[in-house]
Amino acid sequence: MQRHVLSVLVENEPGVLSRVVGLFSSRGFNIDSLNVAPALEDGVSHMTITTYGDSMILEQIMKQLHKIVSVIKVMDFADVPAVEREMMFLKIQAEGVMRGEILRTVEIFRCKVIDVSPNEMTIEATGDHEKLEAIISLFQRFGIKELIRTGSLVMRRSKRAD
Amino acid sequence: MECTGAYILLESLKREGVDLLFGYPGGAVIDIYDELPRHPDIRHVLVRHEQAAVHAADGYARASGKVGVCLATSGPGATNTVTGIATAYSDSIPLVVITGQVPTALIGNDAFQEVDIVGITRSCTKHNFLVKDINKLALTIRQAFFLARSGRPGPVLIDLPKDIVQAKTEFIWPEEVYMRSYNPTYKPNLNQLRRTVEELSQASRPVILAGGGVIMANASDELGMLARRLQIPVTSTLMGLGGFPVTDELSLGMVGMHGTYAANLAINHADLLLCVGARFDDRVTGKLTAFAPKARIVHIDIDPTSIRKNVAVQVPVVGDCKLALRGVLDICEAKLAEHDWAGQHADWLKTVWDWKASKPLAYHKGEHIKPQEVIEALCQLTKGDAVISTEVGQHQMWVAQFFSFTRPRTLLTSGGLGTMGFGFPAAIGAQMALPDKMVITVAGDSSLQMNIQELATSVACNLPLKVVILNNKHMGMVRQWQELFYKGNYSCTNMEAQPDFVKLAEAYGAEGYRIEKSEDLLPVLEKAFSSDKTALIDVMVEREENVYPIVPAGAALDEMLLV
């Protein structure tokens, strides 16, 4: 089951989010992450959905999304050269001697400390899916008290001049 | 000139060609009803339950090919339409359902008779709208009709808050309708049509599987031409019956759970399956892994989601069935004009015809009237020239098996959702669409009771339609399953406590007849059919007759239990 990031352009009208989400739940498809925000064009929203499935399921998801009257365009980025980023906040247990090591890890992954208290640090991290997974597993040993992620954003890479 | 929302609604319906509206008044739509008498071009049919309004609009649409329209009030009126909407959605029937809503200022306040019908029907409509601006009302109606009748048709709901109906604005009718996010594919890809012809020219054991899409697309003539020109046997799904005459020697009848021996065997021995406007429902395929195991599959459908949803397909063709079949025929004529199709399939046709002759649909006569006998009598009396609507259950399958459907739009049945209570109100709609046609509902005693109150509607409208009950005082299909698959544990399927249907019909002002002996069957039916009134004929049939063949749920198509 391959991971797929879908980019969906929809008419920005009331109920459009439930049309899309309702499709996934009623047909038993998975949503791993989802984010929605206005697109460049007025009246259009951009949804980015990450999902898992084999090729037949993915084909159905794409077709079913297309069938929703409010959906303008659907793209699957699985086999397209694209940049992908996701942001997350991590609240870490940070006391005494551990603080230095936490800061060094923050440095290595080019994360940012955005909030500090005597015994906690909140860290902002940005990267693709794999990078965030790696960061989480590294910070696990300090003790993650809270974690929140935005879900992925993708954009097709510009064509390189030959 | 400024007009009210109610005026704009009715004027827009008129411009969409609506002459019939099935509905039931209530607080949220009272302004529409207030306006209605000033629009004599639109005839309103007052039903006795909102569910029946939707089924009647549905029957009207199935019989006429036009969009059916119905109107209900907010809250319970709206929720009562849901079963009808889901029925139409399952069978791709074009409907516009208009519901009243509480005033916009009250939406979300749990107001009296408020329900989020747009939310409730999101998964069983093709699309739905809540109109919050009167200036968008005319455009919304235009879009609703455009969506309902184009592409793969389906029901569209418009929710109209009371203040929008009362508000005033200038009426501007949008001549053009365009939705950038909705653009169905009608014209099939030429390459895919060429590949289809290539598959056909190489097949030695081809079968056509025709579904409701053939009827929707008015493609029966093209289907007939292709089958006869290429000498390919045709099987139909329940929804496809009438799309190809079952009296034709190439017809194998219905396929699937209660399909014929010949049809089910043909599917499982075919080396090519040309599926036209069908969606491989589980009642058609049986066990998926054993379905058409030797066949390459060409699938023609206007809805891309139908293709490769259940069954892997070698040649997908997205487009209108009529255009696709026409295209395939044209290529055959252009490139293979001299091809000996009959010779190519001679052995296969002989095999298929042997199957057909060796195990035709059959039943044993007995002491009591057999339900199959009744259907044969109906077919004989009407010479097959009637519109038959059914409820859901055993009687529905007997109609599908024993009535000779030869023309499209003559069988009106809830195939996808299997809605008991559909048939009788659907017949009301069909009779309204075709006032000069013989319209008959074949019902079970259980199904009929789900919308029997519509006798009042039928009598009030002076409809000559006939209701034939195959009365076995059972919920027959469930009883059959209990007998065959649940060790005879007849839990809650005995329907002996039932009204005297003859007296009930008479109480409603209809004619009532009862038939208990085989010899009375033809004369009493004939008498009832010659009446110009609504007539109910209660036929007491063998109580424990089963529908055969039957493919047990989850079994392969060739694992049929025969009579």
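**Note on the predicted two-chain model**

1. Among the elements of chain A, the lowest mean pLDDT, 93, belongs to helix H3 (residues 98–108), while strand S7 (residues 120–127) has the highest, 97.

2. On the make-up of chain A, the secondary structure amounts to four helices and nine strands, and these follow one another along the sequence in the pattern β-α-β-β-α-β-β-α-β-β-α-β-β. The C-alpha trace of chain A spans about 55 × 45 × 35 Å along its principal axes. Of the 162 residues in chain A, 20% are buried, and among the contacts in this chain with a separation of 6 or more, 75% are between residues 24 or more positions apart.

3. Turning to the interface, 16 residues of chain A are in contact with 12 residues of chain B. On the side of chain A that touches chain B, at least two residues each are supplied by helix H1 (16–26), helix H2 (55–67) and strand S4 (71–76) of chain A, and the largest share, six residues, comes from H2(A). Sorted by class, this side of chain A has four nonpolar, seven polar and five charged residues.

4. Within chain B, one helix pair deserves a separate point: the axes of helix H17 (residues 371–382) and helix H18 (residues 394–402) come within 9 Å and cross at roughly 50 degrees, which makes H17(B) oblique to H18(B). The crossing of these two helices, H17(B) and H18(B), is right-handed. From H17(B) the contact is made by Pro371(B), Gln372(B), Ile375(B), Glu376(B) and Cys379(B), and from H18(B) by Gln394(B), His395(B), Trp398(B), Val399(B) and Phe402(B); by class, the contact of H17(B) with H18(B) has six nonpolar, three polar and one charged residues.

5. His474(B) lies in the loop between strand S18 (466–471) and helix H22 (476–485) of chain B, and His474(B) counts as buried because it has 23 C-beta neighbours inside 10 Å, where 20 or more are required. Apart from its neighbours within four places in sequence, His474(B) is in contact with Arg479(B), Thr493(B), Asn494(B), Met495(B) and Arg543(B). By contrast, Val115(B), which is 359 residues away from His474(B) along the chain, has its C-alpha atom 36 Å from that of His474(B).

6. Gln231(B), in the loop between helix H11 (220–230) and strand S10 (234–236) of chain B, has a positive phi, near 55 degrees, and with 17 C-beta neighbours inside 10 Å Gln231(B) counts as partly exposed. Arg308(B), in the loop between strand S13 (296–301) and strand S14 (315–318) of chain B, likewise has a positive phi, near 60 degrees, and Arg308(B) is partly exposed because 18 other C-beta atoms lie within 10 Å.

7. Finally, there is a cis peptide bond in chain B, running from Tyr548(B) to Pro549(B), with omega near -5 degrees. Pro549(B) is located in the segment after strand S20 (535–540) of chain B.

Key. Residues are numbered from 1 along each chain as its sequence is written. Chains are lettered from A and ligands numbered from 1 in the order in which they are written. This is a predicted model: local features need pLDDT of at least 70, side-chain atom pairs count only at pLDDT 80 or more; totals for chains, interfaces and linings use all residues. Two residues are in contact if their C-beta atoms, placed from the backbone, lie within 7 Å. Ala, Val, Leu, Ile, Met, Phe, Trp, Tyr, Cys and Pro count as nonpolar, Asp, Glu, Lys and Arg as charged, and the others, Gly among them, as polar. Axes are lines fitted to C-alpha atoms, for helices over the stretch in contact, and angles run from 0 to 180 degrees between N-to-C directions. Angles under 35 degrees count as roughly parallel, over 145 as roughly antiparallel, 65 to 115 as roughly perpendicular and the rest as oblique. A crossing is left-handed if the near helix is turned anticlockwise from the far one by less than a right angle, and right-handed if clockwise. A residue is buried if 20 or more other C-beta atoms lie within 10 Å of its own, exposed if 12 or fewer, and partly exposed in between; C-beta atoms are placed from the backbone. pLDDT is the predictor's confidence in each residue, from 0 to 100.
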